[in-house]
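Q: Please take a close look at the aromatic rings in this model. Which of them pair up, and how are the paired rings placed?

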Amino acid sequence: MTKTVLVTGGSGYIAGFTIRQLLAEGWTVHATVRSLAKEPVLRQLLGGTAETLKVFAADLTSDAGWEAAVAGCSHVAHVASPFSTNAPKHEDDLIVPAREGVLRALRFARDAGVVRFVQTSSVAAIAYGHGKGVHRFTEKDWTDVNGPDVYAYVKSKTIAERAARDWIAVEGGAMEFVSVNPSAVLGPVWNDDFSASIEVVKQLLSGALPGCPDIGFGIVDVRDVADLHVRALTAPGIAGERFIAAGPFLKLIDVARILKERLPQQSRKVPTRGLPDWLVRFSALFNPMIRQITGELGNIRDASADHAFVVLGWKTRPPEDSIVDCARSLIERGVVKV
Ligand code: NAP
């Protein structure tokens, strides 16, 4: 029997790759977008037919459209959440849609008889507020939202996952809940409306950075994150679990060196010098985007994906491939001039 899944935020980077894999594996997919104006492009990118891919308008902040979107679905991948490189005017601009959105999706899913609900959370809900230094996190860890390094996006992801788990415990009934917690997602981009995580490679390639601040990320490929979502939707006996979807932790300067090594012709503007912490802090006085990363300086927030490897048989490709494929696609699309 064909299985039907609702994927929220269908216009997004991770959701797009997840939908493509689900369609390839024979699922019928319902996808939500904020605006149906995105539907034609989405259909072009994702494939599927009018029968296998149905697109619905639904916003995280309103009940309109959700009942129709989830009708007939046995599974939900709730991927949508506000994600931007720009610091919001107020933290609630991110927290409220993230929290209210997941609670709304949960409620409509339970009422429609959904059996498994997968939330795209984040390593942001795990690895912050634990003090500076070197850490290796597992699914047992939770971000302390009162920590000094916690900025609006981190708070929004932590509060949204906590709220979802609290709701499930009381209201969820027979519906199973699982979260997938990715680190920084890279890989090929397929349109110019790409995720905030891609900015790292874009900024390096375009020469926008005079040097590399002492920050880093666990780098994971979008194709592998999509694959983990599909496994989390289907694997038996994992109700309530969290799965970190992280790759190896690399400093920005390591990402820069990989670009130089693997794409020497296209990496002329990529800086390979470090940027001193004092200069980053000074720039942060004038730039709210940089202000968000000053808490990252010197930290190693490594997160272990062993649980997904062992329980779900998940595999990841080397981060070098994700970085290079990301760079190549940005160049091919003319997003950066190198
Ligand atoms: P993305 O391409 O920016 O996708 C975000 C999606 O959320 C978009 O489809 C966006 O719709 C939707 N969205 C935002 N606000 C909404 C609202 N009020 N109502 C309805 N939809 C809304 O970024 P992504 O990387 O694929 O992120 C997807 C999920 O993964 C997010 O939950 C994010 O927190 C999580 N995540 C991402 C990373 C990463 O490094 N990329 C790492 C960990 C977790 P529009 O197209 O209409 O804007």
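A: This is a predicted model, and a search of the whole structure finds seven aromatic pairs. A pair of aromatic rings is described by the distance of the centres and the angle of the planes.

One of the pairs is formed by Phe 117 and Phe 177, whose centres are 6.1 Å apart with 15° between the planes. The planes are under 30 degrees apart, so the pair counts as stacked. Phe 117 belongs to strand E5 (residues 116–120) and Phe 177 to strand E7 (residues 176–182), so this pair ties together parts that are 60 residues apart in sequence. Phe 117 has a relative accessibility of 0% and counts as buried. Phe 177 is buried too, with a relative accessible area of 3%.

Another pair is made by Phe 282 and Phe 286. Here the centres are 5.3 Å apart and the angle between the planes is 80°. That angle is over 60 degrees, so the pair is edge-to-face. Phe 282 is partly exposed, at 44% relative accessible area, whereas Phe 286 is exposed, at 60%.

Ring pairs also join Tyr 13, Phe 17 and Trp 190 into a cluster. Phe 17 has a charged neighbour as well: Arg 20 lies over the face of its ring, 5.4 Å from the ring centre. A charge over a ring is also found at Tyr 128, where the charged end of Arg 301 sits 3.8 Å from the ring centre.

Notes:
Residues numbered from 1 in each chain as written. Predicted model: local features only at pLDDT ≥ 70, side-chain atom pairs only at ≥ 80, totals over all residues. Heavy atoms only, no water. Phe/Tyr/Trp six-rings, centres within 6.5 Å; stacked < 30°, edge-to-face > 60°. Helix = DSSP H or I, 4+ residues; strand = E, 2+ residues; numbered from the N terminus. Buried < 20%, exposed > 50% of the residue type's maximum accessible area, 1.4 Å probe, protein only. Lys NZ or Arg CZ within 6 Å of the ring centre and 35° of its normal.
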